[in-house]
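Let us read this structure together, one feature at a time.

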Number of protein chains: 4
Amino acid sequence: MAALLRGCRNILLKWNKHVNPTLVSTRSMASKTPVGFIGLGNMGSPMAKNLLKNGYPIIATDVFPESCKELRDLGAQVVDSPAEVAEKADRIFTMLPSSPNVIEVYTGPSGILKKVKKGTLLIDSSTIDPAVSKEMALAAEKMGAVFMDAPVSGGVGAASLAKLTFMVGGAKEEYNAAQELLTCMGANVIYCGQVGTGQAAKICNNMLLAIGMIGTAETMNLGIRLGLDPKLLAKILNMSSGRCWSSDTYNPVPGVMEGVPSANNYQGGFGTTLMAKDLGLAQNTATNTKTPIPLGSLAHQIYRVMGSRGYANKDFSSVFQFLREEEGQ
Amino acid sequence: MAALLRGCRNILLKWNKHVNPTLVSTRSMASKTPVGFIGLGNMGSPMAKNLLKNGYPIIATDVFPESCKELRDLGAQVVDSPAEVAEKADRIFTMLPSSPNVIEVYTGPSGILKKVKKGTLLIDSSTIDPAVSKEMALAAEKMGAVFMDAPVSGGVGAASLAKLTFMVGGAKEEYNAAQELLTCMGANVIYCGQVGTGQAAKICNNMLLAIGMIGTAETMNLGIRLGLDPKLLAKILNMSSGRCWSSDTYNPVPGVMEGVPSANNYQGGFGTTLMAKDLGLAQNTATNTKTPIPLGSLAHQIYRVMGSRGYANKDFSSVFQFLREEEGQ
Amino acid sequence: MAALLRGCRNILLKWNKHVNPTLVSTRSMASKTPVGFIGLGNMGSPMAKNLLKNGYPIIATDVFPESCKELRDLGAQVVDSPAEVAEKADRIFTMLPSSPNVIEVYTGPSGILKKVKKGTLLIDSSTIDPAVSKEMALAAEKMGAVFMDAPVSGGVGAASLAKLTFMVGGAKEEYNAAQELLTCMGANVIYCGQVGTGQAAKICNNMLLAIGMIGTAETMNLGIRLGLDPKLLAKILNMSSGRCWSSDTYNPVPGVMEGVPSANNYQGGFGTTLMAKDLGLAQNTATNTKTPIPLGSLAHQIYRVMGSRGYANKDFSSVFQFLREEEGQ
Amino acid sequence: MAALLRGCRNILLKWNKHVNPTLVSTRSMASKTPVGFIGLGNMGSPMAKNLLKNGYPIIATDVFPESCKELRDLGAQVVDSPAEVAEKADRIFTMLPSSPNVIEVYTGPSGILKKVKKGTLLIDSSTIDPAVSKEMALAAEKMGAVFMDAPVSGGVGAASLAKLTFMVGGAKEEYNAAQELLTCMGANVIYCGQVGTGQAAKICNNMLLAIGMIGTAETMNLGIRLGLDPKLLAKILNMSSGRCWSSDTYNPVPGVMEGVPSANNYQGGFGTTLMAKDLGLAQNTATNTKTPIPLGSLAHQIYRVMGSRGYANKDFSSVFQFLREEEGQ
């Protein structure tokens, strides 16, 4: 039904697809329907800018009004609440820190669903519990709207360069309408299945990433203790069955690779606090589905302890430093 | 000194290198000095055969005389003890199940070192504790011999096809003499550093491999429970930061890849018992060097429990099955 | 305010306290105000019976009407919904399997809060997430009612014998009114603090219990492998710093103690599924409060795996059997 | 045979046992045969003093001659090597830091076994790998001597007050001769079985102790985060199934108990480095016997990391502090 209601728009979209993209990007904003954007933090702000660049008028809001200043200067219309965004746009993105924020923005007293129009497409790019995504989808469905989860991988840099990867969960028949906008902000858009599977894919990837990173850190540390040169060890692992992204692309040992956080005192990158948050989501979904995740659980605990021991703001590859003997011992 | 003593041989070897290899292989065995081979099990037997194929006369022994039958039929001389091998060969390979066997074969009452000639090159391809490798090297040095550790990666198939990878630790100046023989049995020969570093590299790789495999298994299981298609999830991981050898080359979930043990009820491959053994070595070296290996330790424990719960003879990727809910629950 | 509204009742209660208990128990039911009881499962049923025995008229309900039969025969009034219970009683117990059931019974369409009278005391003896207890307390407060959490320790046997331990969280000034009823069903009633702390105490105890049990199981197994007699080892631990409840009161090794599940093929007792549930609650609260619980997490994972490997219905001390080498290996 | 050779001495011992102990202690030293003592560190020194106090002449040695000064002043004869001790005493104690020291003192070039007399009783109170104890016992047996392992529990204070607990492994028929001396230094002497079982009992106890301590620390931390008063939580655990030595006798939370290291900034007590060492022994024996110890392994890793993060010299109950959120976060 929602699909039906958006039928007219979808026809236009399909038509747009065959238009010369260069022409499209030089058209006036007025020719595209406005897109709502709620949550203009480190990630949301560059994402919204990329929609603007692609010619979509933006209706934006954030709990911190100052976050909206830059976007307003670029021509976005800033409003006071998610409900107001819902009155003015029929495709709305949300990019929020955690599940409670998403629940508030969708179902709170001045939330999207208080004013959402039938047929509106709601795309949540926050990383949250897939169970919450499913709840939001049900709540949206009751109002005649459609909810999709589309969490991202890639950090602030990828967001600025429109190089994010989106993992999308939701009704297949709405996917095209979402994809059109997502490709303005990302390099890869992957359809994962029903609502919540975008979150599931994101959570799964980051859990395996954390396991691989800690595993690489302890393996490199052990090898160095046993007399191996770190660069040589990394080379051996990378041509053997120990190979993983953390060993060959993001090695945690200072001096092994350039251009990664370990080469820069673990500044920048993906902070241990964010990794601990994603592992907390993995743990919650595993607990709720009664799925054993022994290494994922332990990885979660290790990042939790690191957060308490002064590593909260360092890149998650700093686990190498955490496990290492202190200087002078 | 040992290098000096073997000087003459090395000169011959270098000369041989420039000879047309086809010619070499058709020459009579008498033109090459014999090579000793101790330990003719599943791995040692095809390795020794590859030396024979390359024209090296073989002097062999094994605690189980019947293991030597095939090699004798192919022309190897079978003798009664490691000491006797040491009397007749000045380059000797050992390929044995574990540290105690290596200690016995080298330093036991009829061990190699009882009769070893000065300048003999001893190459141990067993996977053992690097501390034992160092002990053997010291004991060999006292007798004027040279010890190198050269454990392999790759299983029985790779051994038969001379496609093993050797990780070699020992004196750099002896490496050429070893390499000449190792290239008859393997596709890759990597010099890792001082004695024991070959073992270290092997142990490190297998520890990270075990972590990656269990991590992949629990991640895939979690994703499936959350509604993701296993093939799609594997594809997403493999294009993202969760990528590892276990996800992209040896996926543990039946139906995701062909030609891997998970596609064949976890038959063949690398058994959980062998993985538990290697993780035990990793744990021992970590304990002895006071290195924390939280995920490596837990991986070790998981393979230990699997060994007790009926998975001893299955490929180590069967951890996916171990973690999974039983049918009917 | 709620306290004020119940003032009259509290005065009566205090008066009752000085009455000869023998007399009280022989008085007609009519002299006591009725108590509501929702959830008549294995635990709820004997608990409600003990209230009946102590002269409290019971208004009962359960989603499975047949669960109420026995209590009806003993004189309880059985009604159709939690809302109906709320109409007829101003002190109500709930004893339910998990958080979602509690949410439904309190806030669902025919839930308690739909009909609750101002000043009603609501006591939830379910073991659930303390965050849900706090939510229920807030929801109850909005209706002018008072919510307390009072989870139990002790199993079905203790419930029948009125030997349960209650850990109570909630407003101190309501504690007396609760205690009067709780002492009819339990031997120990402990006031823990604000709402949710009863659950917190229960969860904390069971997490440490699980850690102690698995620790005892692996320690006993290791000792036996090292040649120690299990009874002697238990005796040594119990007089030393390794002592814990699982070693001295509930030893998991068959033959060490009598009258415990390990003496009876791990029948009866506290099932691994229930332990996994409580550890899931511990994990959730730890994740939500960003508290590292490395051993608690691993204990959770171990009981999860056991649930998948055929130990779901055995007592949680069967972890000894799970860790042990299979017969014949 | 060894027993036979010591027959005469044993008869005297049995006779001594019936003598009024007050009389014995006032007798001149000359009436007792001298006892050797090797290793006069923090533990060995007070132990040897207690033997002196009980009238046993002491023949002592230590790799650090200055360690012997105090004992010499008290009348002990200090010699240069373990071999020399063996020439002069037929009952010899060793109290050394680790397995390699024990191997050196027994089998080294100037070790005990170089000069040991037939029938000598060798008692090793070091905490080491039981496999090494067995090796030493075999080596001693070849020389006609008898080896027993008798590791202690209790720290320097207990050593000074002769309140140690000894766990003794070795031939039952030699136990009496050992017991006579051990009771001079300890309050409890427990016969555990064959050689190595004393070590096994010690290692098992300390592994379960470490598990209980970390478990208690994380449970208390979680409870506090959930709003429970730490003293109240400790009280609840101690009357429930979560009870263990670490919760009721050595609580790791500052303010809960007096007279324990947690009340004194984790000074004194049993250092994390020592605990990590014992857990390393537990891990080694478990690996060698293929016994899964999931929680013991993780406890080992946690104490390893603590050793690298500045907790090396704090009491092992400081794991509470390690797991806790830093101030100001």
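**Reading the contacts**

Q: How many salt bridges does a search of the whole structure find over all chains?

A: A salt bridge is a side-chain nitrogen of Lys or Arg within 4 Å of a carboxyl oxygen of Asp or Glu. The search of the whole structure finds 20 of them over all chains. This is a predicted model, in which local features need pLDDT of at least 70, side-chain atom pairs count only at pLDDT 80 or more, and totals for chains, interfaces and linings use all residues. Residues are numbered from 1 along each chain as its sequence is written, chains are lettered from A and ligands numbered from 1 in the order in which they are written, and side-chain values use heavy atoms, with hydrogens and water left out.

Q: Which residue forms a salt bridge with A:K49?

A: The partner is A:E70, and the closest N and O atoms are 2.8 Å apart. Helices (H or I, at least four residues) and strands (E, at least two) are DSSP runs, numbered from the N terminus. A:K49 lies in helix α4 (residues 44–53) of chain A and A:E70 in helix α5 (residues 69–73) of chain A, so the pair ties together parts that are 21 residues apart in sequence.

Q: How is the accessibility of A:K49 to be read?

A: Buried means under 20% relative accessible area, exposed means over 50%, and partly exposed lies in between (1.4 Å probe, protein chains only). With a relative accessible area of 22%, A:K49 is partly exposed. A:E70 is partly exposed as well, at 43%.

Q: What is the distance between the closest N and O atoms of B:E70 and B:K49?

A: In this salt bridge they are 2.7 Å apart. The pair links distant parts of the chain, 21 residues apart: B:E70 is in helix α5 and B:K49 in helix α4 of chain B. B:E70 counts as partly exposed at 42% relative accessibility. B:K49 counts as partly exposed at 23%.

Q: Where does the UniProt annotation "active site" fall?

A: Take the label with care: UniProt positions are given in the numbering used here, feature names are shortened, and annotations may be inferred rather than shown by experiment. The record, an unreviewed entry, puts "active site" on A:K202. A:K202 is found in helix α11 (residues 197–225) of chain A. Its relative accessibility is 9%, so A:K202 counts as buried.

Q: Which residues does A:K202 touch?

A: Contact means heavy atoms within 4.5 Å. Not counting residues up to four places away in sequence, A:K202 touches A:T127, A:P151, A:V152, A:M167 and A:D278.

Q: How many residues of chain D are in contact with chain C, and what area do the two chains bury?

A: Buried area is the accessible area (1.4 Å probe) that two parts lose on being put together, summed over both. Here 56 residues of chain D are in contact with 57 residues of chain C. The two chains bury about 5000 Å² between them, with 69% of it on carbon and sulfur atoms. In chain D, D:L208, D:L226 and D:L295 lose the most area to chain C, together 13% of what that side buries.

Q: How many salt bridges join chain D and chain C?

A: The count is two. In one, the side chains of D:D248 and C:R243 meet at 3.0 Å, N to O. C:D248 and D:R243 also meet in a salt bridge, at 3.0 Å, N to O. C:D248 lies in helix α13 of chain C and D:R243 in the loop between α12 and α13 of chain D, so this pair joins two chains. C:D248 counts as partly exposed at 25% relative accessibility, whereas D:R243 is buried at 16%.

Q: How many residues does the contact take from chain C and from chain A?

A: It takes 15 residues from chain C and 15 residues from chain A. The area buried between them is about 1300 Å², of which carbon and sulfur atoms give 57%. C:T287, C:Q301 and C:R304 supply 40% of the area that chain C buries against chain A, more than any other three residues. The count of salt bridges between chain C and chain A is zero.
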